[in-house]
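The sequence and the model are shown first.

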Amino acid sequence: MSERPHLSPRAITAYNRLCRELAALNYLTRIAKPSGTLGLEGRLCLNRVLRIANRLYRREPGLPFIGLVDPEAPLTNADLVLLVARLSTACIAFEERYAHLTEAGRYAYETNRWPQA
């Protein structure tokens, strides 16, 4: 008998926070496209997002641990894009694992089909 994975309310809150932060990072890298290197404040914000992700994913098999960035060393746009892509990939895998927590996922789980668009 397979049981659906369970998330605590704290984990759901952390996941929602991570999604908001990741959406901001995706906007930064895909729409705003700043030039130059990421400043100290940006690197500290990125480290906060990485800590949230690592704390949320640490007990999930198959999800990566993403190391923190050095707050003293410059971070190029290519490095930032790479980190955001890794975070996005891990987030998608996490969403697929806990799809039953979303409205569409609950519907699909209960009826064994996806809703029609």
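## Overall fold

Along the sequence, the protein chain reads α-α-α-α. Its secondary structure amounts to 4 helices and 0 strands. The model is a predicted one. The protein chain has 117 residues, and 32% of them count as buried.

Gly67 sits in the loop between H2 and H3. With a relative accessible area of 34%, Gly67 is partly exposed.

## Salt bridge

How many salt bridges does the count give? The count comes to 1 salt bridge. It is formed by the side chains of Glu60 and Arg97, with an N to O distance of 2.9 Å. Glu60 is in the loop between H2 and helix H3 (77-97), whereas Arg97 is in helix H3, so the pair ties together parts that lie 37 residues apart in sequence. In general, side chains of opposite charge can pair when their charged atoms come close.

The two partners fall into separate accessibility classes. Glu60 has a relative accessibility of 13% and therefore counts as buried, the limit being under 20%. Arg97, at 30% relative accessibility, counts as partly exposed.

Leu46 is a residue of helix H2. Is Leu46 buried or exposed? Its relative accessible area is 1%, so Leu46 is buried. The C-alpha atoms of Leu46 and Val84 are 9.3 Å apart in space, while the two residues are 38 apart in sequence.

Arg43 is likewise found in helix H2. Although Arg43 has a charged side chain, it counts as buried, at 8% relative accessibility. Between Arg43 and Pro71 the C-alpha distance is 5.8 Å, with 28 residues separating them in sequence.

Thr29 lies in helix H1. Its relative accessibility of 14% places Thr29 among the buried residues. A polar atom of the Thr29 side chain is 3.3 Å from the backbone oxygen of Asn26.

Lys33 is located in the loop between H1 and H2. Most residues other than glycine have a negative phi. Lys33 is exposed, its relative accessible area being 58%.

## Summary of the residues described

- Leu46 is buried, at a relative accessible area of 1%.
- Arg43 is buried, at 8% relative accessibility.
- Glu60 is buried, at 13% relative accessibility, and is paired with Arg97 in a salt bridge.
- Thr29 is buried, at 14% relative accessibility.
- Arg97 is partly exposed, at 30% relative accessibility.
- Gly67 is partly exposed, with a relative accessible area of 34%.
- Lys33 is exposed, with a relative accessible area of 58%.

Terms used
Residues are numbered from 1 along each chain as its sequence is written. This is a predicted model: local features need pLDDT of at least 70, side-chain atom pairs count only at pLDDT 80 or more; totals for chains, interfaces and linings use all residues. Side-chain values use heavy atoms; hydrogens and water are left out. Helices (H or I, at least four residues) and strands (E, at least two) are DSSP runs, numbered from the N terminus. Buried means under 20% relative accessible area, exposed over 50%, partly exposed in between (1.4 Å probe, protein chains only). A polar contact is a pair of N or O atoms within 3.5 Å; within protein, one must be able to donate a hydrogen and the other to accept it, and residues adjacent in sequence count only if both atoms are side-chain atoms. A salt bridge is a side-chain nitrogen of Lys or Arg within 4 Å of a carboxyl oxygen of Asp or Glu.
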